[in-house]
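Hello,

Here is the structure I promised to pass on to you. Please open it and keep it beside you while you read my notes.

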Amino acid sequence: MITSTTNPQPADFADVRATNLAVVLRFVREHAPCSRADIAASTGLNKATVSSLVADLIDRRLVRETGLTENRVGRPATMLVLDGSPYAAIGIEVNVDYVTAVAVDLAGERLLSWRRSFSGPLPGADGSTGQAVAAVAAIVRRVVGRMAKQERQVLGLTVGVPGLVGTDGTVLIAPNLGWRDADLAGDLAKALRDPGFAVQVENDANLAALAEHRFGSQAGTANLVYLTGEIGVGAGIILDGRIRRGGRGYGGEIGHIQLDPLGAACRCGRTGCLEAVAGIGAVLRHVPLSPAEVEIELDEVVRLARAGDVRTLGLLAEVGRQLGKGVAVVANLLNPEVVILGGYYVPLAPWLLPAVEEEARGRTIAPEGGGCRVVASTLGYDAAALGGAARVLDSVDSGRLPRIS
Ligand SMILES: [Zn+2]
């Protein structure tokens, strides 16, 4: 369901207009409040064109006027801001025993944030997706219902999955969900009975990276890598301001870079993979059965670390060093400006980060780690779901505008 925009196409009038509408919309998003003259001066579009484009965006209720400026030289100008009050973008994260849903308006303001835990594994986590699709569809219908009550039109839905997601939205393999070759986007659209908005599926790390890029403490950083700190570890890679998925969409599997040939067994069947020696499983004393159990164990680890427990501090330093080796691979290969640690790494960051940074700097050939900083995410556990909503806003910003209703 992810459509490529790289196909060369003749730029007919409608394309040019859609592109220019998107240019103006993005300018207002970044510079609001701003005037039509500001837009013309910065984009190079002539004033008449800008007026026409702005009128179109106002008709679509993507932009609205907000009075006159008072303290400007020359004639007072009518200022423009994003509107988007009639719209919502939805992101969902599906994981082993929870589903998270987030909705935001066009400006990115949070409209709702839900997390539904399942007492056992997600229905259908035995390998068939049918029950899982029905469970996710039920949640989506509730979110859409809530948005309808607020008289909002849903712009689109992106579902994040921990696994390999092809560029066509097919889930090739999601080991923790037990899924293989699942047409999740298609099945979900069917279950929602042609909902009238696009349903897309994306890798969860990619979505979390998009959320950081749009909403996080490092928002706008053009070269950014997000590492999920779940039982598995995946990377979402943004280079030159764009998410990078690779040829078939399977890039970013940093969790299965082998750091230690003699290291612990990985769930993938290999040994010494990054997620086996530096994932959250390496920190915990027991193999956790659910996120609730992980959180209880993590709280205990944090408590012991705060109390200065020598064994705990030693363990966190070792996990930090292993993670630092992985960050060094990323730094040497991609030279990101920042690597963001997410998920369960966040509460452990005060103890992990010094070891991660020292190890990564020592292993990066460029001085100072190539300028790469390592920070903890500030977006919390719903980063991937938020990124799903961000992906919908990205497609609006790139010109896929809602029709005038
Ligand atoms: Zn592995």
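What order do the strands of the open sheet of 5 strands have? The order is 6-5-4-7-11, and the pairing is mixed. Strand 6 (110-117) and strand 11 (198-203) stand at the edges with a single partner strand each, so one side of each has no neighbour in the sheet. On average, neighbouring strands here are turned by 15° against each other, direction ignored.

A word on what you are looking at: this is a predicted model, where local features need pLDDT of at least 70 and side-chain atom pairs count only at pLDDT 80 or more, while totals for chains, interfaces and linings use all residues. Residues are numbered from 1 along each chain as its sequence is written, and side-chain values use heavy atoms, leaving out hydrogens and water.

Helices (H or I, at least four residues) and strands (E, at least two) are DSSP runs, numbered from the N terminus. Two strands pair if DSSP finds at least two bridges between them. Strand 5 (residues 98-104) pairs with strand 6 in the antiparallel sense over 7 bridges, and Val102 stands opposite Ser113 in strand 6.

Now for some backbone details. Most residues other than glycine have a negative phi, and most peptide bonds are trans. The peptide bond from Ala32 to Pro33, however, is cis, with omega near -5°. Pro33 lies in the loop between helix 1 (13-31) and strand 1 (34-35). Glu151 has a positive phi, near 60°, and sits in the loop between helix 4 (130-149) and strand 7 (153-161).

Enjoy exploring!

Methods: Axes fitted to C-alpha atoms, helices over the stretch in contact; angles between N-to-C directions.
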